[in-house]
Each structure stands twice: as structure tokens, then as C-alpha cells.
Amino acid sequence: RKSGEYAGALSVYEGLENSHADQFSEWDAWSFAYCYRALKQYEECLNTCRRFYARFPGHELLRQLYAWAIYYTQIARENNMPPYATLKKALDGIWQLSPPGTPYGCAERAMFKVIKHLSVKMPPDWEEIDRLLNKMEPGKLSAET
């Protein structure tokens, strides 16, 4: 993984998980899922994060990667956005896994992407947009564009 050979690393991690599951650490789990993200196989990344999150719920980088996997599979679409109930569930999951203000997190990006989606619908859902904006804490937002 460290050398950028993500596809090859996946087969190594699969073998390690299958043959040494009791020794498969939280860092192995994160590295395994990270390889899928690096290859832009976001569904596989999401499934891997979901599986290992149950085992390592306190691992911060795994939680953050899980949040990004949700973002890429549910929110970062240019077309064919899922129904708002799905987007809302995705946002809730992202906020629980990697709340706003988390360095390198995606909560703010996800929130603004959903707000943009709601604002271009006809008619725009201003009440829901207002509710989402009120969840944001301005002091936790980055000052960088």
C-alpha cells in the first residue's frame, strides 16, 4: 500500500484477513479499505469500512474513511442523486463518524453538497435548507475556500 501498489495490496490484505483474522489489526483494516478508496472503488471501500467498523469503532482514521466512503457513494454524485431520505441518512452517518471540525473530514463538504442539491430542486426546500444550515457551527468551519 505504501508504495502505491493498491491492487496488489488488496490481495495481500484479503489473504491476511482470511488466514490470520485474529491478528488482523485496526491499521490493517484501515489500510485494506484505503486501497479501495485509492482505486476509486468506493462501494467496496464502504463495505470494507462497514465490516471493520463493527470490530474497531474507536479507530479515528477508519471512522473518517468510512465517512468519506459514504460521501462518495451517496452524496458526491453529479447526476442521479438519491432521494432526500437517503441523503439525510448519509449526512447523519457522516456527522456521527466524522463530525464537523474533524481535520480532513467531509461533514461540511457533504452538508453543502446536499444544501446545493436542495436549493436547485423546484421548488427549493427552504425549510430543510435552513434546518441543515442551523446545524452548522460557524466556528468549526474552515476559513479557507
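User: What makes α2 roughly antiparallel to α3?

Analyst: In this predicted model, the axes of helix α2 (residues 26-38) and α3 come within 7 Å and cross at roughly 165°. Axes are lines fitted to C-alpha atoms over the stretch in contact, with angles from 0 to 180 degrees between N-to-C directions. Angles over 145 degrees count as roughly antiparallel, so α2 is roughly antiparallel to α3.

User: Which residues of α2 and α3 make the contact?

Analyst: A29, F32, A33, Y36 and R37 of α2 meet Y42, E44, C45, T48, C49, R51 and F52 of α3, where contact means heavy atoms within 4.5 Å.

User: Why is H59 called buried?

Analyst: Buried means under 20% relative accessible area (1.4 Å probe, protein chains only). H59 has 6%, so H59 is buried. H59 lies in the loop between α3 (42-53) and α4 (60-75), and touches E26, W27 and W30, not counting residues up to four places away in sequence.

User: What is the relative accessible area of C35?

Analyst: C35 has 0%, and therefore counts as buried.

User: How are residues numbered, and which values count?

Analyst: Residues are numbered from 1 along each chain as its sequence is written. Local features need pLDDT of at least 70, side-chain atom pairs count only at pLDDT 80 or more, totals for chains, interfaces and linings use all residues, and side-chain values use heavy atoms, leaving out hydrogens and water.

Notes:
Buried means under 20% relative accessible area, exposed over 50%, partly exposed in between (1.4 Å probe, protein chains only). Helices (H or I, at least four residues) and strands (E, at least two) are DSSP runs, numbered from the N terminus. Angles under 35 degrees count as roughly parallel, over 145 as roughly antiparallel, 65 to 115 as roughly perpendicular and the rest as oblique.
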